[in-house]
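Here's a quick briefing to read alongside the model. Have the sequence and the 3D view open as you go.

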Amino acid sequence: MIDLPPQQIECIALAVEHETTGKLKQGAIEVAQVVINRSNNPKYPNTPCEVVFQKKQFTNIKRKPISNASWQATYKALESYSLGTANKTIIAFHSLQSKPSSWKNLQFVLKIGQHSFYKHK
């Protein structure tokens with residue numbers, strides 16, 4: 001598992017809770033992987049908390065109770081890096097019908113439930 005301080009893991013779980021409540025478990029794991037991937041990419045902030053609270057990224061995210069399902073998805077995502085099964089390419093996602101026009105430098109990777117995931121071209 002990736003070695004992160006508890007506060008950083010909580011920020012990942014908070015993003016998962018906010019973005020995937022009531023959605024498919026696998027989509028939740030991928031959302032967590034997007035947060036982790038961004039924190040490891042020089043184009044984005046350096047920590048999961050900075051990624052999650054970056055302006056205009058995770059809309060209206062607020063601190064709130066985190067469900068067991070979101071914690072489990074977060075830990076599964078962290079574990080996937082240790083196992084070498086993480087999708088390290090995905091860097092963005094949305095739940096819109098079509099790709100935002102400002103995302104012309106991103107390439108579609110997969111769709112899980114309502115979420116479409118992208119990587120840099």
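In which helix does Val 35 lie? Val 35 is in helix H2, where helices (H or I, at least four residues) and strands (E, at least two) are DSSP runs, numbered from the N terminus. Bear in mind that this is a predicted model: local features need pLDDT of at least 70, side-chain atom pairs count only at pLDDT 80 or more, and totals for chains, interfaces and linings use all residues. Residues are numbered from 1 along each chain as its sequence is written, and side-chain values use heavy atoms, with hydrogens and water left out.

**Val 35 and the cores**

- Val 35 counts as buried, at 0% relative accessibility; buried means under 20% relative accessible area, exposed over 50%, and partly exposed in between (1.4 Å probe, protein chains only).
- Leaving aside residues up to four places away in sequence, Val 35 touches Ile 12, Ala 15, Pro 48, Val 51, Val 52 and Phe 58, with contact meaning heavy atoms within 4.5 Å.
- Leu 83 sits 48 residues from Val 35 in sequence, and the two are 18 Å apart in space, C-alpha to C-alpha.
- The largest nonpolar core has 29 residues, and Val 35 is among those with the most contacts inside it, along with Ile 12, Val 16, Phe 58 and Phe 117.
- Such a core is a set of buried Ala, Val, Leu, Ile, Met, Phe, Trp, Tyr and Cys residues joined through side-chain atoms within 4.5 Å.
- Two or more residues of this 29-residue core come from each of these elements: H1, helix H2 (25-39), H3 and helix H4 (68-83).
- Another core lies apart from that one; it has six residues, among them Tyr 44, Ile 91, Leu 106 and Tyr 118.

**The disulfide**

- Searching the whole structure turns up one disulfide, defined as a pair of cysteine sulfur atoms within 2.5 Å.
- The partners are Cys 11 and Cys 49, with their sulfur atoms 2.0 Å apart.
- Cys 11 belongs to helix H1 (residues 6-20) and Cys 49 to helix H3 (residues 48-52), so the pair ties together parts that are 38 residues apart in sequence.
- What's the handedness? The torsion about the S-S bond of Cys 11 and Cys 49 is about 90 degrees, so the disulfide is right-handed.
- Both ends are tucked away: Cys 11 is buried with a relative accessible area of 0%, and Cys 49 counts as buried at 10%.

**The sheet**

- Three strands make up an open sheet in the order E1-E3-E2, with antiparallel pairing; two strands pair if DSSP finds at least two bridges between them.
- Strand E1 (92-94) and E2 are the edge strands, each pairing on one side only.
- On average, neighbouring strands of this sheet are turned by 30 degrees against each other, direction ignored (axes are lines fitted to C-alpha atoms, for helices over the stretch in contact, and angles run from 0 to 180 degrees between N-to-C directions).
- E1 and E3 pair over three bridges, and Ala 92 stands opposite Tyr 118 in E3.
- Strand E2 (residues 106-112) and strand E3 (residues 115-120) pair over six bridges, with Ile 112 opposite His 115.
- E2 and E3 form a hairpin with two residues between them, and Gly 113 in the turn has a positive phi of about 60 degrees.

**Ser 116**

- Ser 116 is in strand E3 and is buried, with a relative accessible area of 6%.
- Its contacts, not counting residues up to four places away in sequence, are Ala 92, Phe 93, His 94, Phe 108, Leu 110 and Lys 111.
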